[in-house]
Structures are given as C-alpha cells and as structure tokens.
Amino acid sequence: MIPVNLVGLPLPDALDACAKQGIQMQVIYTRAPREREQPPVGTPRVIAIRGECLIVAYFRDGDPEGTHAPEE
C-alpha cells in the first residue's frame with residue numbers, strides 16, 4: 001500500500017518512504033509551459049499520487065541554486 005502522506009514531501013524523502021515499504025514508484029515531472037525552455041530550479045516535491053506514479057513539480061524553496069533537475 002502506498003503511503004498517503006507523501007504529498008508535499010521532497011522527492012528523495014518520498015522515494016525513501018516507498019522503498020522502506022518495498023514499493024517502487026514511477027516519477028512524472030510537471031511544470032508550467034512557460035518554464036519548459038529552462039532547466040527546472042528548486043526542490044522537487046510530490047504534488048499528487050496517481051496509482052503507482054508520483055507527480056512531481058519543482059518549488060523554489062530552500063536553496064534553489066543547489067537543486068536542479070536530473071540530467072537525462
């Protein structure tokens with residue numbers, strides 16, 4: 001069973017919580033269309049859970065210069 005208290009957590013914390021329960025989640029990133037041409041800046045946080053998928057958006061909190069999107 002997926003923990004219901006993941007919304008709002010930074011992505012690494014949410015993934016750790018799932019891993020501790022033996023759950024592997026898929027991650028989908030979302031952001032505003034006007035920001036798609038620049039790399040995301042901020043803290044990746046869970047904004048929703050759909051099935052076994054975490055929907056994640058970047059929030060400019062904490063030290064936004066220290067956290068960037070993963071290189072693909």
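This is a short walk through the structure above, one selection at a time.

**Before you start**

The model is predicted, so local features are described where pLDDT is at least 70 and side-chain atom pairs count only at pLDDT 80 or more, while totals for chains, interfaces and linings use all residues. Residues are numbered from 1 along each chain as its sequence is written, and side-chain values use heavy atoms, with hydrogens and water left out.

**Stop 1: the whole chain**

Helices (H or I, at least four residues) and strands (E, at least two) are DSSP runs, numbered from the N terminus. From the N terminus on, the elements run α-β-β-β. Of the 72 residues of the chain, 29% count as buried; buried means under 20% relative accessible area, exposed means over 50%, and partly exposed lies in between (1.4 Å probe, protein chains only).

**Stop 2: the sheet**

Now select β1 (26–29), β2 (43–50) and β3 (53–59). In what order do the three strands form the open sheet? The order is β1-β3-β2, with mixed pairing. Two strands pair if DSSP finds at least two bridges between them. Because β1 and β2 stand at the edges with a single partner strand each, one side of each is left without a neighbour in the sheet. Neighbouring strands are turned by 35 degrees against each other on average, direction ignored. Axes here are lines fitted to C-alpha atoms, for helices over the stretch in contact, and angles run from 0 to 180 degrees between N-to-C directions.

Zoom in on β1 and β3, which pair in the parallel sense over four bridges. Here Val27 stands opposite Leu54, and Ile28 has Ile55 as its bridge partner.

Next, move to β2 and β3, paired in the antiparallel sense over seven bridges. Across this pairing, Ala48 stands opposite Ile55 and Pro44 stands opposite Tyr58. The two strands form a hairpin with two residues between them, and Gly51 in the turn has a positive phi of about 65 degrees.

Stay on β3 for a moment: six of its seven residues are buried, so this strand is largely enclosed by the rest of the structure.

**Stop 3**

Select α1 (11–20). The helix lies across β1, β2 and β3, running at about 160 degrees to β3. Which residues of α1 are buried? They are Leu11, Ala14 and Cys18. Look down the axis of α1 and these buried residues fall within an arc of 65 degrees, so they line one face of the helix; the arc is that of the directions from the helix axis to the C-beta atoms. What covers them includes β1, β2 and β3. On the other side of α1, Ala19 and Lys20 are exposed. Following the helix is Gly22, with a positive phi near 75 degrees.

**Stop 4: the core**

Show the side chains of Leu6, Leu11, Ala14, Cys18, Ile23, Met25, Val46, Leu54 and Val56: these nine residues make up the largest nonpolar core. A nonpolar core is a set of buried Ala, Val, Leu, Ile, Met, Phe, Trp, Tyr and Cys residues joined through side-chain atoms within 4.5 Å. Both α1 and β3 supply at least two residues each, and α1 gives the most, with three.

Click on Val46 here. Leaving aside its neighbours within four places in sequence, Val46 is in contact (heavy atoms within 4.5 Å) with Leu6, Val7, Gly8, Leu9, Ala14, Leu54, Ile55 and Val56.

**Stop 5: two rings**

Finish with the aromatic residues. Rings of Phe, Tyr and Trp (its six-membered ring) pair if their centres lie within 6.5 Å; planes under 30 degrees apart count as stacked, over 60 as edge-to-face and the rest as tilted. By this rule there is one aromatic pair. Select Tyr29 and Tyr58: the ring centres are 5.9 Å apart and the planes are at 20 degrees, so the pair is stacked. Tyr29 lies in β1 and Tyr58 in β3, so the pair ties together parts that are 29 residues apart in sequence. Tyr29 is partly exposed, with a relative accessible area of 35%, whereas Tyr58 is buried, at 17%.
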